[in-house]
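Subject: A structure for you to explore

Hello,

Here is the structure I promised to pass on to you. Have a look at it first, and then read on for what I found.

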Amino acid sequence: MNNILLRVRDLRVDFGAHAVIRGVSFDLGGGEIVGLVGESGSGKSTLARAILRLLQPVQGSVEFLGVDLLKCSPKVMRAQRRGLQIVFQDPLASLDPRMTVGETIAEPLKIFESGLNASARQRKVGDMLQRVGLSSEMSGRYPHEFSGGQCQRIGIARAMILSPKLLICDEMVSSLDVSIQGQIINLLLDLQEAGMAVLFISHNLAVVRHLSHRVLVMYLGKLVEIAPCDALFASPVHPYTRGLLAAVPHRLPAVGAAAPGAPGDQAVPDLITSGCAFRDRCPYVLPMCETSEPPLDEVAPGHWAACHRSHETLNPLSFES
Amino acid sequence: MVPTLSVDRLRVSFSHRSGSIEAVDRVSLQIVPAECVGIVGESGSGKTQIFMAAMGLLAGKAQVSGSVRFEGNELLSVDRPTLNRVRGSKLTMIFQDPMTSLTPHLTVGTQLAEVTVTHLGMPWKDARTFAGRMLERVHVPEPKRRLNQYPHELSGGMRQRVMIAMSLLCEPSLVIADEPTTALDMTTQAQIIELLRAVRGEFGMALVLISHDLAVVAGLADRILVMYAGSVVENAIAEELFKHPRHPYTAELLKCMPSVTGPRLDRLPTLAGQPPRPGEILEACPFAPRCSRAADRCRVERPQLEGSSTSQAACHFPLTS
């Protein structure tokens, strides 16, 4: 990666006595789309919020364009936010019901580009609405007048109006129907081609595959696999990643249904005192997994996995327990 | 053979200040014993409302006409006590969100036992034992302990297993599962689909699987009904539907589904436009405004479901294989 936009190192977040993010490190390059996958409760959304300093991590660093966001002053943080925007999961809940769509999208401009006069602002808002596939006449309407997919576009328009360097998308398409999902994904691809980087959080692996350059797999507050997108789907290394892939329902009945990918439920983080957090669900478990926690090792160029058996060739079919 | 469920020209409409909204528009369908039928469609297509009508769970202001017969007996005009004998025992429903469909202040054991106490007149003590055995049959670990737990103490997947156990207590003839895996993680979703497949084999009931996700339905359903704007546009044997979709909408939906296999595309295919508001198009093909094959006839004459016994489409110009 030649230009690193975001550098996260050993990030830790606690909720009271619960360790929710247990040491996460990764880089994200300019114009790169990185997918972040994992089950609910794995800490995906918490990681997004910690990067944006919407909650305070207990340890680690988040460098964005060379500035450590966790240590900088509120004033500097505010300036950084201009380049760092987020689109939330629930489109309707993340819009103020009493503001027109135009006011919502114009608000970041009022804060960061106070030199603009009202008509220039309006023009920018109108252009942005068109870019996300809505019409500029809609700017006078309120969020409740729009469908879920349209509200999601409004959230994107608000995030995009300042031309951020990095957009964090937290389960952005989960609530949308397939036909609309494609439109939103294609919009993201257009924006990426214009130079924006994306951290795309989703549990929908098929969407992540189509969109991402690289994928991060998270389990119980840690990254267990980092890989280029094609490598991850073609030859996943971590048993948890294999389980996730096996659980994706196949589309043709002839292929048969998905094998139960990872049996059991995610463990409770507090119960992991030593060893690998995935060991209770892992079909490849060894005695050493009980006691020693596997480090994130590079198994192929750019492909990292945290598994004691990552250097073995494991037969994927034996996963069906 | 008497069909398990027979819906004939069902109409469900809601009056609205801008006129009447036809949520379900003259839908007819039949479900035979032990059959698994998938109902797919985007949000607002009316797929849930058909079965809410059957269960007598429609909102008070809904206007219903047509007929819904369960094992030969009309459900729409039936009195409340008769309906209450059928629903929850022989005709049961599993909802999307098991947290809100279980009562938060009663233990799992009490909620399960109540079903057989009410419908079968079992003494409470026996009903609890029976409930524990049913939990075991749906692979809930430590069933005895679960009986004393409250819904919030269980994971999402476990709660959905409890809902499935509840739906099976009185040996139903038909279970309606409405988006049973939508609120769950990918790995849990695969487990629940497997469980539904297993209980179908074990209990031999008919199963309706409602989902917005064709992939979820694909592995389980014998037959799939595709809904669009309140009506059934295609009704086909599952394999046939995936291999040779006949309605252009079905074909578009299949194209829009991103997959974890096959080539990665530059852009995802999309379906332009929005579905019509329910009731907006009554005398033409509701898909015509978005259809690439639409001709003049489609804009004036509503197509009826036609075709062979394995595949029918409501289209004047169906796709041929």
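A quick definition to begin with: a residue is called buried if 20 or more other C-beta atoms lie within 10 Å of its own, exposed if 12 or fewer, and partly exposed in between. Please also keep in mind that this is a predicted model.

**A covered helix in chain B**

With that definition, take helix α1 of chain B, residues 47-54. This helix is mostly covered, and eight of its eight residues are buried. They are B:Lys47, B:Thr48, B:Gln49, B:Ile50, B:Phe51, B:Met52, B:Ala53 and B:Ala54. After α1(B) comes B:Gly56, which has a positive phi near 70 degrees.

Most residues other than glycine have a negative phi. In chain A, A:Glu171 is not a glycine, yet its phi is positive, near 50 degrees. You will find A:Glu171 in the loop between β7 (166-170) and α6 of chain A. Is A:Glu171 buried or partly exposed? A:Glu171 has 19 C-beta neighbours inside 10 Å, so it counts as partly exposed.

In chain B, B:His139 also is not a glycine and has a positive phi, of about 60 degrees. B:His139 sits in the loop between α5 (124-137) and α6 (143-147) of chain B. Because B:His139 has 17 C-beta neighbours inside 10 Å, it counts as partly exposed.

**How helices pack in chain B**

Now look at α7 (residues 156-168) and α8 (residues 186-203) of chain B. Their axes come within 10 Å and cross at roughly 15 degrees, so α7(B) and α8(B) are roughly parallel to each other. The crossing of α7(B) past α8(B) is right-handed. On the α7(B) side, the residues that meet α8(B) are B:Gly156, B:Gly157, B:Gln160, B:Arg161, B:Ile164 and B:Leu168. Their partners in α8(B) are B:Thr188, B:Gln191, B:Ile192, B:Leu195, B:Val199 and B:Phe203. Sorted by class, this contact has six nonpolar, five polar and one charged residues.

α7(B) also packs against α4(B), residues 108-120, at an angle of about 20 degrees, with the axes 9 Å apart. That is why α4(B) counts as roughly parallel to α7(B). Here, too, the crossing is right-handed. B:Val108, B:Gln111, B:Leu112 and B:Val115 of α4(B) make the contact with B:Val162, B:Ala165 and B:Met166 of α7(B). By class, there are six nonpolar residues, one polar and no charged.

**A helix pair in chain A**

At what angle do α3 (residues 101-112) and α4 (residues 118-131) of chain A pack? The angle is about 115 degrees, and the axes are 10 Å apart. The crossing of α3(A) and α4(A) is right-handed. A:Gly102, A:Ile105, A:Ala106 and A:Leu109 of α3(A) are in contact with A:Arg121, A:Lys124, A:Val125 and A:Met128 of α4(A). This contact has five nonpolar, one polar and two charged residues.

**Where the chains touch**

Finally, the contact between the chains takes 35 residues from chain A and 36 residues from chain B. On the chain A side, α6 (178-193), α7 (205-211) and α9 (239-246) each supply at least two residues. Which of the helices gives the most to this side? α6(A) does, with seven residues. By class, the side of chain A that touches chain B has 19 nonpolar, eleven polar and five charged residues.

Enjoy exploring!

How values were computed:
Residues are numbered from 1 along each chain as its sequence is written. Chains are lettered from A and ligands numbered from 1 in the order in which they are written. This is a predicted model: local features need pLDDT of at least 70, side-chain atom pairs count only at pLDDT 80 or more; totals for chains, interfaces and linings use all residues. Helices (H or I, at least four residues) and strands (E, at least two) are DSSP runs, numbered from the N terminus. Two residues are in contact if their C-beta atoms, placed from the backbone, lie within 7 Å. Ala, Val, Leu, Ile, Met, Phe, Trp, Tyr, Cys and Pro count as nonpolar, Asp, Glu, Lys and Arg as charged, and the others, Gly among them, as polar. Axes are lines fitted to C-alpha atoms, for helices over the stretch in contact, and angles run from 0 to 180 degrees between N-to-C directions. Angles under 35 degrees count as roughly parallel, over 145 as roughly antiparallel, 65 to 115 as roughly perpendicular and the rest as oblique. A crossing is left-handed if the near helix is turned anticlockwise from the far one by less than a right angle, and right-handed if clockwise.
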